[in-house]
Amino acid sequence: MSTHHPGTRAPAPEDAKAQLRTSIRKARLHRSERRRAELAEQLRDHVLALPEIVQADCVSVYASRTHEPGTLPLIEALHERGVRILVPRLGDGLQRGWSLYQGAEDLIERAPGRPPEPSGEFLPPDAIGDAQVVVVPALAVDSTGTRLGQGGGWYDRALEGLDPRVPIVALTFAAEFRGPDELALPRESHDVGVHRVITPEGTTALTA
Ligand SMILES: Nc1nc2c(c(=O)[nH]1)N(C=O)[C@@H](CNc1ccc(C(=O)N[C@@H](CCC(=O)O)C(=O)O)cc1)CN2
Ligand SMILES: Nc1ncnc2c1ncn2[C@@H]1O[C@H](COP(=O)(O)OP(=O)(O)OP(=O)(O)O)[C@@H](O)[C@H]1O
């Protein structure tokens, strides 16, 4: 796809991604706490309506930071049902791992800016193999399943080798989902596509 001006170069995908991240992060800061809570409940309801979630006894869900699409209502609802919830665990540096959710009081931000994490046993990267649905954060998603993340490549690595039958569901705000008539997101070869996107407005199946 060529949408840049003749005689100029299209930006390298990593530069295009960095610019998008900056503008989306900034736009996210404007939502009030009350609005964020309301949107998190809408996201919860859409995720709980997924057929695979109804069946699941183990799912993976990120623990949202303040301005991300909120997951705490979802996590609490799943926990009340007795579903095991694998939450990302960073370890030293950005080491990938998981721990089981054990209640809201155990979900703590270990350093400023870091996602909240549970304190339980540190499970290795392949623990994700137990999950029947994987819910991931996205700064933006397009209709072909390209996901823009926070830029650490954490989820791209974590999702590598996941059974392709396990649905990967990205949560994003409505304006961050680019429909089929909009410009696709920049994509690199390591980017792992997502199967569905959920915004507070509803669920969309994506064409990989
Ligand atoms: N909620 C949530 N959990 C997630 C991700 C995510 O995007 N969102 N990740 C998606 O890949 C992985 C880890 N992502 C991380 C994101 C930020 C920092 C962090 O410490 N950031 C800064 C502070 C930045 C800021 O203030 O904005 C720091 O290094 O201090 C670490 C890991 C796994 N868990
Ligand atoms: N599977 C992988 N193996 C090695 N390096 C990777 C892999 N996936 C991503 N990376 C590296 O991680 C960095 C960030 O990747 P990218 O911009 O796609 O992150 P992201 O998907 O937005 O972030 P995240 O997954 O943490 O939410 C890049 O420099 C990329 O080279």
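Trainee: Which pocket does ligand 2 take?
Mentor: Ligand 2 takes the space of the largest pocket. A pocket is an open set of points on a 1 Å grid over the protein atoms alone, with protein on both sides within 12 Å along at least five of seven lines. This is a predicted model, where local features need pLDDT of at least 70, side-chain atom pairs count only at pLDDT 80 or more, and totals for chains, interfaces and linings use all residues. Side-chain values use heavy atoms, without hydrogens and water.

Trainee: Which elements give two or more residues to the shell around ligand 2?
Mentor: Helix 1 (13–28) and helix 5 (154–159) do, helices being DSSP runs (H or I) of at least four residues. Helix 5 provides the largest share, four residues.

Trainee: How many residues surround ligand 2?
Mentor: There are 15, counted when a heavy atom lies within 4 Å. The closest are R21, R147, D156, E160 and H190.

Trainee: What about backbone contacts?
Mentor: Oxygen atoms of ligand 2 lie 3.0 Å from a polar backbone atom of G151 and 2.8 Å from one of W154; a polar contact is a pair of N or O atoms within 3.5 Å.

Trainee: Turning to ligand 1, which residues are closest?
Mentor: Of the 16 residues around ligand 1, the closest are A63, E68, R114, Q150 and W154. A polar side-chain atom of E68 is 2.7 Å from a nitrogen atom of ligand 1.

Trainee: How does the shell around ligand 1 divide?
Mentor: The shell around ligand 1 has ten nonpolar, three polar and three charged residues.

Definitions and conventions: Residues are numbered from 1 along each chain as its sequence is written. Chains are lettered from A and ligands numbered from 1 in the order in which they are written. A polar contact is a pair of N or O atoms within 3.5 Å; within protein, one must be able to donate a hydrogen and the other to accept it, and residues adjacent in sequence count only if both atoms are side-chain atoms. On a 1 Å grid over the protein atoms alone, a cavity is a set of points where a 1.4 Å probe fits but cannot get out, and a pocket is an open set with protein on both sides within 12 Å along at least five of seven lines; lining residues have an atom within 4 Å of a point. A molecule sits in a cavity or pocket if more than half of its atoms lie within 2 Å of its grid points. Ala, Val, Leu, Ile, Met, Phe, Trp, Tyr, Cys and Pro count as nonpolar, Asp, Glu, Lys and Arg as charged, and the others, Gly among them, as polar.
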